Amino acid sequence: MISAADLLQIFHISPIPIAILDVDLKLLAVSNQWLKTYGMERAQVIGQSYCTIFPERSREWLTILEQAVRGKDQSGEDQINEPSSLNNRWMKWEVKAWKSQHGNVGGVIIYSEDITLHKQSTFQDQQFRLFMDYLPGLCWITNEENVLTYANNDFFETLHLPKDVVGKNNEEIFGSDVAKNAHINNMEVLRTQQSKELFQTIRGQDGYPQYFKTYKFPFMDASGKQNLVGAVSFDITKHKQLEENLYQSEEQFRQAFEHSLIGMALISPEGRWKRVNSSLCDILGYCEEELQQLYIQDITHPEDLHRSSESLKELADGIRENVKMEKRYIHKDGSVIWVVIAATMLKDSLGHPLHYVSQIEDITKRKEIEGNLLLSEKKYRTIFENVQDVFYQADQQGRVTEISPSILQYSGYTREEIIGRPVIDFYYYPHDRDRIIESLQKDGFVIDFEARLKTINQELRYASVNARLIRENGLVVGTEGSMRDITARKSQDNALKALNTELTASNEQKNKLLSIIGHDLRNPISGSLQLLDLTLNDFQSSSAEEVHTYLSMMKQELSSANELLEDLLTWAKSQFNAVSFNPVNIEDLAAQLQKCLLSILPMAEKKGIRVLQSVEPDLELSADKAMLDTIIRNLVSNAVKFSYKNGEILIKAIKNDTGVQFSVSDSGIGIPKDKVQELFNSKSNYTTFGTLGEKGTGLGLNLVSDFVAKHGGEIWLESEEGKGTTFYFTIPAGIGTFKENEEEE
């Protein structure tokens, strides 16, 4: 039988931390592993309350321990913060009640276990998976049996596989051919314990091939054995496309270089001929090997040497992007040949000069026959080089990716200030951009599209835009095009339109004037002449009463002609701005109206028409007297013409919110509704006969409208056929002050 001392010894050497507490929660015994785990001495803890030893957990653990004493077993995990350690420890614990030999609860036993390593392992596994999911490439792990044990998100998304393929054999996932090749590669990696690099091609859902560069390497399993194969694969499709484009570009360059009909050369920054084509050899008379032993200075004409060296230096220093010049070379046979050279400097990725790329054309014969055109050619070249359109490119999001430096002279923006910014920032009216996009989406291009752009100073500039969509692999990736500043042309077009409008109006005024002179003015004069001729021929046989009748008729015709002529002259002056506008203060408006009506009253009396006026007392007005008289006289004269015998005409003047409102009312024949708008149409010469056959000039209301407008007022009418018409017009207050300020300006 084991003694109590032996049991206590066994308890002390227990491999797990154990603590025994009584019902008062004081420590009765602890294992050696418990003291080691919590870093305490036995003498420090025996007889002490558990909550005193661990004060930071006193409240929580007091509840747990009290419940255990009452028979409720509990378990859990805790994180222990140790000030002396940078890493916290995780402890798994279990609390149970223990009973004495009499069956009573004697206290509780606390079992604990350090699970920090397990926690760290779980955390590291989570970190590994999180890291691999964000890795921009396909990652996966397979075992010796060709079973997929792990894959990241990019693997599933790129290969369009569900996540439940993990745990399946490669043959089930990819088919026997792919699985067989993969297994061979995997076995080689495990056999050699060396990483392996290989290239793979798959076809995407769009049918285009995708190229991947894959690295396979031995990978350690949980037991520490290298019996897994890890793999990382990166999409190099764009890289392959760039390689292919580069190859094609180089091949095209070689073909163009070798078979060009003009001389082409690559020249080192020091001026040595590095590579030349056969056309250049024919021009200079040297073979390629001979030229490669020379510098360009060796065969350049002495008079052109300095200018040529300066131009090439500017290219090398980046002062100029390209050079086009004419110069003279010395042929191998000693003769002088003229050439035109177009050169640019090719630089490496660090911006260091690699070599000049030159195109050289023999123009000796042209120089011989066009010597007299040299000055003209220089002028043409100067104009051509300084008139440059703006070329640009933008991505699918509408941001500028490239633009020519010539944008500076049009907008004030440098190339660097524009690249990277949205195209919409440079449109004066954003809907112009929307219209261009709409046309591009519909047709794929736009030609001579007029857009309104803004400069760095927010000024409006007109541009003619030619653009097209950029497509790569069948997808639209952006736009490119050119812009030409047409602001000056637009201003000229607008000025020309304004001039045409003015000329059209002038021609209409001229035609109207000639029409009135040729018809309305000629008729009364012609009628008067006929009456005069009749009077003279029959004078001897005519009675005094007949002569009086003839003369009265002549007077009426000439009066009509005189009235028409007066209106015509006044209207013509108004149309050609020859009538001066001189507003003055009219203190007695009623007297002014009475004076104005004196010339009309005889005509009204003949028809028995009463002309009444109603003017508010003490009503003052600032207006041009002559124009006001013309307005009143024409409106009252028309009222008389179109009123019945023994009718009544009322002239009123009242003060309103803006100045003075006038009205001329009659009880005459009225105006048809379809003719009301025509009365105030400056292009119309509408008129009709009065109640006694009176004929109007058709100019009166035109004059009235013009003179009211010069005062800044408005004119309108109300009419009903058979009941009469009322014309209204306003003269705003402050006309005199306005005129004085206008003259000061």
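Which side-chain oxygen reaches to within 3.1 Å of the backbone nitrogen of Ala626 at the start of H24? Select Asp624 and Ala626 together: the oxygen belongs to the side chain of Asp624. A polar contact is a pair of N or O atoms within 3.5 Å; within protein, one must be able to donate a hydrogen and the other to accept it, and residues adjacent in sequence count only if both atoms are side-chain atoms.

The model is predicted, so local features need pLDDT of at least 70 and side-chain atom pairs count only at pLDDT 80 or more, while totals for chains, interfaces and linings use all residues. Residues are numbered from 1 along each chain as its sequence is written, and side-chain values use heavy atoms, with hydrogens and water left out.

**The whole chain**

The protein chain has 27 helices and 27 strands; helices (H or I, at least four residues) and strands (E, at least two) are DSSP runs numbered from the N terminus. Of its 745 residues, 37% are buried, where buried means under 20% relative accessible area, exposed over 50%, and partly exposed in between (1.4 Å probe, protein chains only).

**Helix H24**

Select residues 625-641. Helix H24 has 17 residues and reaches 24 Å from its first C-alpha to its last, close to the 24 Å expected at 1.5 Å a residue; the expected span is 1.5 Å times one less than the number of residues. H24 is mostly covered, with 12 of its 17 residues buried. Among them are Met627, Leu628, Ile631, Ile632, Leu635 and Val636.

**The nonpolar cores**

Next, show side chains around H24. The largest nonpolar core has 39 residues, and Leu589, Ile632, Phe662 and Phe729 have the most contacts inside it. Such a core is a set of buried Ala, Val, Leu, Ile, Met, Phe, Trp, Tyr and Cys residues joined through side-chain atoms within 4.5 Å. Elements that each supply at least two residues of this core include helix H22 (589-596), strand E25 (659-665) and strand E27 (724-732). H24 gives the largest share, eight residues.

Centre the view on Leu589. Leaving aside residues up to four places away in sequence, Leu589 touches Val615, Leu619, Leu621, Leu628, Ala653 and Phe662, a contact being heavy atoms within 4.5 Å. Apart from this core lies another, of 24 residues, among them Val276, Ile283, Leu312 and Ile341.

**Aromatic pairs**

The whole structure contains 15 aromatic pairs. Rings of Phe, Tyr and Trp (its six-membered ring) pair if their centres lie within 6.5 Å; planes under 30 degrees apart count as stacked, over 60 as edge-to-face and the rest as tilted. Select Phe155 and Phe174, an edge-to-face pair at 6.4 Å centre to centre and 85° between the planes. Phe155 lies in helix H7 (residues 153-159) and Phe174 in helix H8 (residues 170-174), so the pair ties together parts 19 residues apart in sequence. Phe155 is buried, at 3% relative accessible area, whereas Phe174 is partly exposed, at 33%.

Move to Tyr428 and Tyr429, whose ring centres are 5.1 Å apart with planes at 65°, so this pair is edge-to-face. Then select Trp34, Tyr38, Tyr50, Phe54, Trp61 and Trp93, which ring pairs link into a cluster.

**Tyr111**

Finish in strand E5 (residues 105-114), where Tyr111 lies. Tyr111 is partly exposed, at 29% relative accessibility. Residues up to four places away in sequence aside, Tyr111 touches Ile16, Pro17, Ile18, Lys92, Trp93 and Glu94. Tyr111 and Ser75 are 36 residues apart in sequence and 9.2 Å apart in space, C-alpha to C-alpha.
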